[in-house]
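This briefing goes through one protein structure by topic. Please keep the sequence and the 3D view open while reading.

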Amino acid sequence: NTLISAMNANADPRLPIIATLRRSQTVYTGVTPGRGSGSTIDFGINNWHSRVTSPIVFATFAEAKALEAEARFILNGGNLSSTGSTQAAYDAYLAIAQSNMTRLGVLAADITKYQTRANVAVTPSKLTLSLILAEKYKAMFLIGDIWNDIRRYDYTQLTLPEQHNIELKGLWIQRFRYPVSEQTRNSEVTKQNFRAPTDMMWAFK
């Protein structure tokens, strides 16, 4: 639901490409985190990521532009709470969605329409790190590496699900534990590096 809601907010033309509405449904709604129900969509064989010809993605140009936009934003003195950056950072930001949409087959006119929406087409002086990360999040649908960004910025972009991590007292998971095989075969190293799953690996705010 986090992804679908973000796309609904900007009338994202990628929605009908990555998801299919269920019969008689007219509004795209994802599963409410913590409930496991409430969705009006399916990710089926007719969607872009499920087609036989869909490649296995390791890195994309959209991800590269997202990395560039973030780097330029930070090099210009930006942080998670600041606003405004350079034209180069802004151009890289716009290229995230443009590249991803082109790859998914979105029509050029629809890409232009999306990028002229008020809450997408901000000016360089209104650019934020949150906007960059939000576009990267959408462009990296089903690419697990986006979790590194989400936890690196302490899940700033996400709303806590219902019944969130009860065993961890509602805290976010920051790292995985070593697999049992590693704990038994390489126990000295795993003991030296063991941390609680809620201990942050890094932080940038």
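The structure holds 9 salt bridges, and the model is a predicted one.

**Salt bridge between Arg14 and Glu135**

- Arg14 and Glu135 form a salt bridge in which the closest N and O atoms are 3.7 Å apart.
- This pair links distant parts of the chain, with Arg14 in the loop between helix 1 and helix 2 and Glu135 in helix 6, 121 residues apart.
- Both Arg14 and Glu135 are buried.
- A network of salt bridges links Arg14 and Glu135 with Asp12 and Lys138.

**Salt bridge between Arg22 and Asp42**

- Arg22 and Asp42 meet through their side chains in a salt bridge, at 3.1 Å from N to O.
- Asp42 belongs to strand 2 (41–42), and Arg22 to the loop between strand 1 (20–21) and strand 2, so the pair ties together parts that are 20 residues apart in sequence.
- Arg22 has a relative accessible area of 37%, so this residue is partly exposed.
- Asp42 is also partly exposed, because its relative accessible area is 36%.

**Salt bridge between Glu70 and Arg152**

- The side chains of Glu70 and Arg152 form a salt bridge, with N and O 2.9 Å apart.
- Glu70 is in helix 3 and Arg152 is in helix 7 (residues 146–152), so parts that are 82 residues apart in sequence are tied together by this pair.
- Is Glu70 buried or exposed? Its relative accessibility is 5%, so Glu70 counts as buried.
- Arg152 counts as partly exposed, because its relative accessibility is 22% and the cut-off for buried is under 20%.

**Nonpolar cores**

- In soluble globular proteins, nonpolar side chains tend to be buried together.
- The largest nonpolar core here has 37 residues, and those with the most contacts inside it are Ile18, Tyr93, Leu127, Leu129 and Ile132.
- Two or more residues of this core come from each of helix 1 (2–9), helix 2 (15–18), helix 3 (61–75), helix 4 (87–104), helix 5 (108–115) and helix 6 (129–139).
- Which helix gives the most to this core? Helix 4 does, with 9 residues.
- Tyr93 is in contact with Ala69, Val120, Val122, Leu127, Leu131, Ile132 and Glu135, leaving aside neighbours within four places in sequence.
- There is also a second, separate core of 6 residues, among them Met140, Ile146, Ile150 and Trp172.

- Thr40 sits in the loop between strand 1 and strand 2.
- Thr40 counts as buried because its relative accessibility is 10%.
- Not counting residues up to four places away in sequence, Thr40 touches Thr20, Leu21, Arg22, Gln25, Val27, Tyr28 and Thr29.

**Packing of helix 4 and helix 5**

- Two packed helices are described by the angle between their axes and the distance between the axes.
- For helix 4 and helix 5 the angle is about 155 degrees, and the axes are 10 Å apart.
- Angles over 145 degrees count as roughly antiparallel, and helix 4 and helix 5 are therefore roughly antiparallel to each other.
- The crossing of helix 4 past helix 5 is right-handed.
- On the helix 4 side, Leu94, Ala97, Gln98, Met101 and Thr102 take part in the meeting, and on the helix 5 side Ile111, Tyr114 and Gln115 do.

Key. Residues numbered from 1 in each chain as written. Predicted model: local features only at pLDDT ≥ 70, side-chain atom pairs only at ≥ 80, totals over all residues. Heavy atoms only, no water. Core = buried A, V, L, I, M, F, W, Y, C linked by side-chain atoms within 4.5 Å. Buried < 20%, exposed > 50% of the residue type's maximum accessible area, 1.4 Å probe, protein only. Helix = DSSP H or I, 4+ residues; strand = E, 2+ residues; numbered from the N terminus. Contact = heavy atoms within 4.5 Å. Salt bridge = Lys/Arg side-chain N within 4 Å of Asp/Glu carboxyl O. Axes fitted to C-alpha atoms, helices over the stretch in contact; angles between N-to-C directions. Parallel < 35°, antiparallel > 145°, perpendicular 65-115°, else oblique. Left-handed = near helix turned anticlockwise from the far one by under 90°.
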